[in-house]
Amino acid sequence: MTDSAPRIRPRRLRTTPAMRRLVAETRLSAAELVLPVFIREGISEPVPIGSMPGVVNHSLDSIRRAATEAAEAGIGGLMLFGVPEHKDAVGSGATDENGILNVATRVVIEEVGDALVVQTDLCLDEFTDHGHCGVLDSRGYVDNDASLERYRDMALAQANAGSHLLGLSGMMDGQVAAVRSVLDDNDFGNTAILGYAAKYASAFYGPFREAVASSLVGDRRTYQLDTGNRREGLREVMLDVDEGADVVMVKPAMSFLDVLADAAAISPVPVWAYQVSGEYSMIEAAAAHGWIDRRRAVEESVLSIKRAGADAILTYWAVELAGWLRS
Ligand code: PBG
């Protein structure tokens, strides 16, 4: 051995697949994956979403099969989104017990309620004709406190339908505290809250807006976080924890891994991340062109989110990934 030869050789730990497996620092498991699903009112067959190849709008029939398949795959849960036929200024469908999301929740709970954590999106944007996450004041500004009143009603409707975990994604100030108090006052002390604490005004929600037939004109910048703000993301996380969130979320995932790592370092409650529609579609599109290896890109993307500190991950690949993890 010459003097200039390296004495320290990290490559020893990479020599064989068995060695690499043994020293792996980050592992994924099906139990920490959550599948977002869309249920659309008034359809009898699943309808493909053009901007999200492989993802569909479910009918009430097809969601039963999808939920069973998810339970069999061993994933941790489902996050339900409703796509109503009719929208109005206050998002009436969100609080109607016969509204599509509440009906779908009952169906899914009946089908897989013991095997999966059934979660519901608690936000008005799918139900409002203007597409905003809250109600508007006379000048067209999203009215925070009036929106909280709608969220409180929506929380009761979802808890009544059996939802285990309410996903508060609207980014109104005080939403966690408002929903926690109404749940506790109505005997829903065991209904948990997932606070979308650090949710950024991201371009990567684009395909989702097609998925839920969003009527939004403009953007959500008066309530979602500016994409450059790291400290403010952490502030939102701390506020949600103080208000009683059982779990907090960082969203999107891949462009906010620093915020995720910050949150994971300080949060006393689980920190989840949402790998959003644009993150999904970007990889699917590149793979469809043959520009990247689809499976490896999917695995690497989800692994990176776990490595940054996510305790669980919402991803449209949850069931497929669970299948790969088994094999
Ligand atoms: C709001 C909500 C959005 C997403 C989840 N919940 C859209 C938005 O804030 O514009 C996006 C999810 C995705 O892009 O996959 N109800």
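Q: How many aromatic pairs does the structure hold?
A: It holds 9 aromatic pairs. Keep in mind that this is a predicted model.

Q: What sort of pair do Phe 81 and Phe 208 form?
A: Phe 81 and Phe 208 pair edge-to-face. Their centres are 5.1 Å apart, with 75° between the planes.

Q: Where do those two sit in the chain?
A: Phe 81 is in strand β4 (residues 77-83), and Phe 208 is in helix α6 (residues 206-211). They are 127 residues apart, and the pair links distant parts of the chain.

Q: Are Phe 81 and Phe 208 buried or exposed?
A: Both Phe 81 and Phe 208 are buried.

Q: And what about Tyr 280 and Trp 317, what kind of pair is that?
A: Tyr 280 and Trp 317 make a tilted pair. The centres lie 4.8 Å apart and the planes are at 40°.

Q: Which parts does the Tyr 280 and Trp 317 pair tie together?
A: Tyr 280 lies in helix α9 (residues 277-288). Trp 317 lies in the loop between β10 (312-314) and α11 (318-326), so the pair ties together parts 37 residues apart in sequence. Tyr 280 and Trp 317 are both buried.

Q: Which residues form the aromatic cluster?
A: Phe 38, Phe 81, Tyr 196, Phe 208, Tyr 274, Tyr 280, Tyr 316 and Trp 317 form one cluster.

Q: Switching to helices. How do α7 and α8 cross?
A: The axes of α7 (residues 230-243) and α8 (residues 257-266) come within 9 Å and cross at roughly 40°. That makes α7 oblique to α8. The crossing is right-handed.

Q: Which residues meet there, α7 against α8?
A: From α7, Arg 230, Gly 233, Leu 234, Val 237 and Met 238. From α8, Asp 258, Val 259, Asp 262, Ala 263 and Ile 266. By class, the contact of α7 with α8 has 6 nonpolar, 1 polar and 3 charged residues.

Q: What about α8 and α10, at what angle do they cross?
A: The axes of α8 and α10 (residues 294-308) cross at roughly 35° and come within 8 Å. Leu 257, Leu 260, Ala 261 and Ala 264 of α8 meet Ser 304, Ile 305 and Ala 308 of α10.

Q: How many charged residues are in the contact of α8 with α10?
A: No charged residues. The contact of α8 with α10 has 6 nonpolar and 1 polar.

Q: What is the phi of Asp 187?
A: Asp 187 has a positive phi of about 70°, although it is not a glycine. Most residues other than glycine have a negative phi. Asp 187 counts as exposed, at 75% relative accessibility.

Q: And Ala 213, what phi does that one have?
A: Ala 213 has a positive phi of about 50°, and it is not a glycine either. Ala 213 sits in the loop between α6 and α7. Ala 213 counts as partly exposed, at 45% relative accessibility.

Q: Back to α5. Which of its residues are buried?
A: Gln 175, Val 176, Ala 178, Val 179, Arg 180, Val 182 and Leu 183.

Q: What do the buried residues of α5 pack against?
A: They pack against β5, α4, β6 (165-168), β7 and α7.

Q: Where is Gly 195, and which residues does it touch?
A: Gly 195 is in strand β7. Gly 195 is buried, with a relative accessible area of 0%. Leaving out residues up to four places away in sequence, Gly 195 touches Leu 168, Val 176, Asp 240, Ala 245, Val 247, Val 248 and Met 249.

Q: Last one: is Leu 136 buried or partly exposed?
A: Leu 136 is partly exposed, with a relative accessible area of 33%. Leu 136 lies in the loop between β5 (117-122) and α4 (144-161). Its contacts, not counting residues up to four places away in sequence, are His 130, Tyr 141, Val 142 and Asp 143.

Q: What separates the C-alpha atoms of Leu 136 and Ala 5?
A: The C-alpha atoms of Leu 136 and Ala 5 are separated by 69 Å, and the two residues are 131 apart along the chain.

Methods:
Residues numbered from 1 in each chain as written. Predicted model: local features only at pLDDT ≥ 70, side-chain atom pairs only at ≥ 80, totals over all residues. Heavy atoms only, no water. Axes fitted to C-alpha atoms, helices over the stretch in contact; angles between N-to-C directions. Helix = DSSP H or I, 4+ residues; strand = E, 2+ residues; numbered from the N terminus. Parallel < 35°, antiparallel > 145°, perpendicular 65-115°, else oblique. Left-handed = near helix turned anticlockwise from the far one by under 90°. Contact = heavy atoms within 4.5 Å. Nonpolar A, V, L, I, M, F, W, Y, C, P; charged D, E, K, R; others polar. Phe/Tyr/Trp six-rings, centres within 6.5 Å; stacked < 30°, edge-to-face > 60°. Buried < 20%, exposed > 50% of the residue type's maximum accessible area, 1.4 Å probe, protein only.
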